[in-house]
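Me: Please go through the structure shown here, taking the chain contact and then the secondary structure in turn.

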2 protein chains.
Amino acid sequence: MPDSGGGALQAEILSIGTELLLGEIVDTNAQYVSSRLRDIGVNVYRRVTVGDNPERLLSAFQDSIGRSDIVIATGGLGPTDDDVTARCLASALGRGLCFDEDAWNSMRQSYLRRGRTLDEGSLSARKQAFIVEGGFFIPNPVGTAPGQGIMVDGKLILLLPGPPSEMRPMFENHAIPLITKSFSSLTPIYCVNLNIVGLGESQVAEALADLLGGSNPTVAPYADSGQVRLRIAAQSADKNEALSRISGVEKEVRRRLGHHVYGKNEETLEMAIGRLLARRGLTLAVAESVTGGLICHRITGVPGSSKYFKMGMVAYHPEVKISTLGLPPGVVHREGSVNEEVASGMAESVRLLAGATLGLATTGFAGPDGGTCNEPVGAVYMGLSHKKAGTITEKAIFSGSRDRIKVFAAQRALYLLYHFLIEPGKNRG
Amino acid sequence: MPDSGGGALQAEILSIGTELLLGEIVDTNAQYVSSRLRDIGVNVYRRVTVGDNPERLLSAFQDSIGRSDIVIATGGLGPTDDDVTARCLASALGRGLCFDEDAWNSMRQSYLRRGRTLDEGSLSARKQAFIVEGGFFIPNPVGTAPGQGIMVDGKLILLLPGPPSEMRPMFENHAIPLITKSFSSLTPIYCVNLNIVGLGESQVAEALADLLGGSNPTVAPYADSGQVRLRIAAQSADKNEALSRISGVEKEVRRRLGHHVYGKNEETLEMAIGRLLARRGLTLAVAESVTGGLICHRITGVPGSSKYFKMGMVAYHPEVKISTLGLPPGVVHREGSVNEEVASGMAESVRLLAGATLGLATTGFAGPDGGTCNEPVGAVYMGLSHKKAGTITEKAIFSGSRDRIKVFAAQRALYLLYHFLIEPGKNRG
């Protein structure tokens with residue numbers, strides 16, 4: 001199982017590039033390779049990032065090769081002097097570099113595809129066609145720098161270019177087949193993520209305490225902007241067996257957490273809401289103050305949302321709450337428009353204005369300024385109005401930056417709506 | 001300069017969490033910490049990622065502490081059993097863990113801020129208040145898990161929580177002051193980012209070709225969601241000298257690129273727009289279709305935006321464009337509401353409805369479905385209406401995912417507004 005030690009294959013990922021250490025780019029390659037290795041049953045135990053510095057790169061190669069069965073390195077395969085990856089791998093293995101005609105031909109073809117001609121005498125270009133003695137080259141279908149690999153003492157080492165648009169297809173088309181061919185003992189890991197709303201990480205951990213101790217599948221919760229993700233992962237050579245182990249745990253989690261599990265894997269809360277609205281033929285209108293458009297942005301991010309989302313109103317200015325939504329001035333001017341009646345009035349008005357079945361509203365103080373004696377920055381009222389069921393409101397207090405308060409308030413308002421759609425007859429728990 | 005070896009301070013970053021090795025999240029903390037350490041003149045030589053595995057984490061701590069002057073670790077400070085960071089650091093140093101009353105008090109306060117009560121007897125909560133012997137705690141202003149640090153044999157080791165919204169303020173307010181106080185030999189790097197809109201990365205590179213070759217300051221452009229960021233960085237023990245080198249280059253860049261440079265460092269396009277609106281006493285209303293609330297979300301993300309932003313309307317459904325914005329049905333039903341007249345009509349109507357000086361509007365197809373024979377997915381019309389200057393429109397075609405089309409369309413619409421505010425008399429170039 002992941003990161004549990006034992007006799008499983010060990011892989012390390014080496015990300016190479018001074019631009020990474022300077023913080024100029026985020027290392028998405030490491031995440032991508034990690035996730036794809038996990039899919040095929042290879043456990044990643046460590047990732048290391050070093051710059052284009054020969055001494056430190058050499059020592060990183062030595063350490064990683066010493067510790068693991070598979071090393072995937074990305075970056076540093078370009079034509080310039082500071083691209084030293086192939087040279088350092090050769091040193092780490094005590095081997096030389098050889099000019100590879102096949103690699104050179106593939107570079108020639110890459111140039112032709114782009115309507116350019118490879119300068120046959122260019123030393124910096126030729127440098128990219130040098131392969132570690134005993135290794136093999138890996139064609140690059142997108143850019144010009146070839147990758148390469150070598151199998152030494154039962155260990156597989158692959159060098160791939162740094163740009164994700166080049167690395168990814170090479171990883172899919174060459175690295176994955178090479179790994180599965182070279183290591184017949186691989187046991188794939190299958191994984192499901194359940195997305196949970198309305199419970200904190202510790203509440204989830206408490207409710208599932210006995211399941212979190214399991215080893216196959218493993219079950220682990222982690223917090224993610226106002227929600228919790230629960231990963232259930234099982235490892236088995238038999239796909240059906242793994243999936244059935246996962247599904248057993250998934251059923252038990254759903255039984256315990258009920259409607260709090262709103263979706264699976266990539267499904268967002270707004271997708272779950274969209275699915276519920278569409279299934280019942282309901283329509284939605286939204287009036288936002290403190291969340292300032294974020295709820296509408298999330299709802300309209302879902303393909304097909306135009307079928308159920310009728311309109312949104314960002315009623316930011318108090319005057320607009322009065323003139324467009326028709327709220328009573330006395331209510332709007334109380335506590336800087338942050339009160340229960342404003343939230344319920346906005347929800348009801350926008351629903352009527354749009355001719356929708358449901359109206360959702362938020363009002364509050366996102367900060368950093370604002371707030372009153374009774375209602376501090378971070379105080380948020382949410383309202384939900386339904387044609388027949390009437391209007392409910394909820395209050396919450398969030399902390400942190402303006403952006404964080406918007407994000408958490410939008411999430412909580414969407415949860416209010418989701419909860420209503422799941423159990424329209426009951427009040428919130 | 002960074003990564004050149006020699007006698008400079010060496011720092012390593014340790015990212016801790018099995019979810020990283022499984023590729024479930026991208027490690028943005030490592031990038032953030034790298035970039036901020038660079039800013040204060042600390043060279044990061046290596047980054048290591050390990051899972052929540054005590055044995056490997058212990059060895060990673062030993063290696064990193066052995067090699068470097070500063071170790072920044074993020075993650076693994078939560079309440080659950082797999083959060084083992086503090087325990088592993090204690091083992092690596094051969095020390096114990098002590099319950100820290102100050103840390104516990106700060107946790108109590110965090111709970112109170114969120115309107116919750118800390119369970120005084122909870123072992124899992126108390127675990128978070130244990131500090132490595134001889135160390136100190138670092139308060140967490142956003143979440144509940146305190147950070148901690150220790151100075152041992154002239155080496156500074158800091159443990160910070162994994163969620164970026166908690167880690168970042170703690171890094172800014174505590175880690176940076178601690179590092180600069182502890183290491184007086186730092187040669188700081190000063191850095192200015194200029195934010196550029198309306199020009200592509202290659203156009204910027206061409207206009208500044210001669211400046212990009214410099215070494216102190218270095219000048220480097222990079223593309224970022226419909227805009228370009230240009231980093232100008234100088235290193236010097238003398239702050240004034242570094243700043244004056246930067247300011248010389250900045251002046252020249254601004255002379256060449258003119259109003260395309262809309263802001264500096266963290267200033268976003270919506271902040272620049274807010275500044276221009278506020279300075280002139282203008283007010284804004286927005287009507288969004290294809291961008292679905294994203295423009296309002298960006299505008300309202302700016303502190304103080306309630307002073308100039310009057311209202312937003314997400315007129316998603318064709319009926320709403322007719323009923324609420326009063327557009328003629330014939331215009332709305334032509335080309336699925338994606339045409340120039342809809343864009344200009346929406347901009348004018350929302351301006352009148354809100355009683356604002358300016359109205360900004362978008363309509364288009366975000367996909368993946370939709371589009372007509374004449375207007376494909378990605379086609380976007382933008383409209384801008386001014387009380388006196390009348391209405392202008394612009395068309396653009398974007399490609400990629402639904403999300404990308406929304407992001408690029410919102411950026412272009414904001415640029416239309418920005419450009420008008422800079423040069424209200426002229427048409428777009």
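**Contact between the chains**

Me: How many residues does the contact take from chain A and from chain B?
Reply: Two residues are in contact if their C-beta atoms, placed from the backbone, lie within 7 Å. This is a predicted model, where local features need pLDDT of at least 70, side-chain atom pairs count only at pLDDT 80 or more, and totals for chains, interfaces and linings use all residues. Residues are numbered from 1 along each chain as its sequence is written, with chains lettered from A and ligands numbered from 1 in the order in which they are written. The contact takes 62 residues from chain A and 63 residues from chain B.

Me: How do the residues on the side of chain A that touches chain B divide?
Reply: Ala, Val, Leu, Ile, Met, Phe, Trp, Tyr, Cys and Pro count as nonpolar, Asp, Glu, Lys and Arg as charged, and the others, Gly among them, as polar. On that basis the side of chain A has 27 nonpolar, 22 polar and 13 charged.

Me: Which residue is the bridge partner of A:Val50 in β2(B)?
Reply: Strands (E, at least two residues) and helices (H or I, at least four) are DSSP runs, numbered from the N terminus; two strands pair if DSSP finds at least two bridges between them. Strand β2 (residues 43–50) of chain A runs antiparallel to strand β2 (residues 43–50) of chain B, with five bridges. The partner of A:Val50 is B:Arg46.

**Sheet and hairpin**

Me: How many residues does the hairpin from β16(A) to β17(A) pass through?
Reply: β16 (residues 379–386) and β17 (residues 390–397) of chain A are antiparallel, with eight bridges. A:His386 stands opposite A:Gly390 in β17(A). The hairpin joins the two strands through three residues.

**Helix contact**

Me: At what angle do the axes of α11 and α16 of chain A cross?
Reply: Axes are lines fitted to C-alpha atoms, for helices over the stretch in contact, and angles run from 0 to 180 degrees between N-to-C directions. The axes of α11 (residues 269–280) and α16 (residues 402–422) of chain A come within 10 Å, and the crossing angle is roughly 35°.
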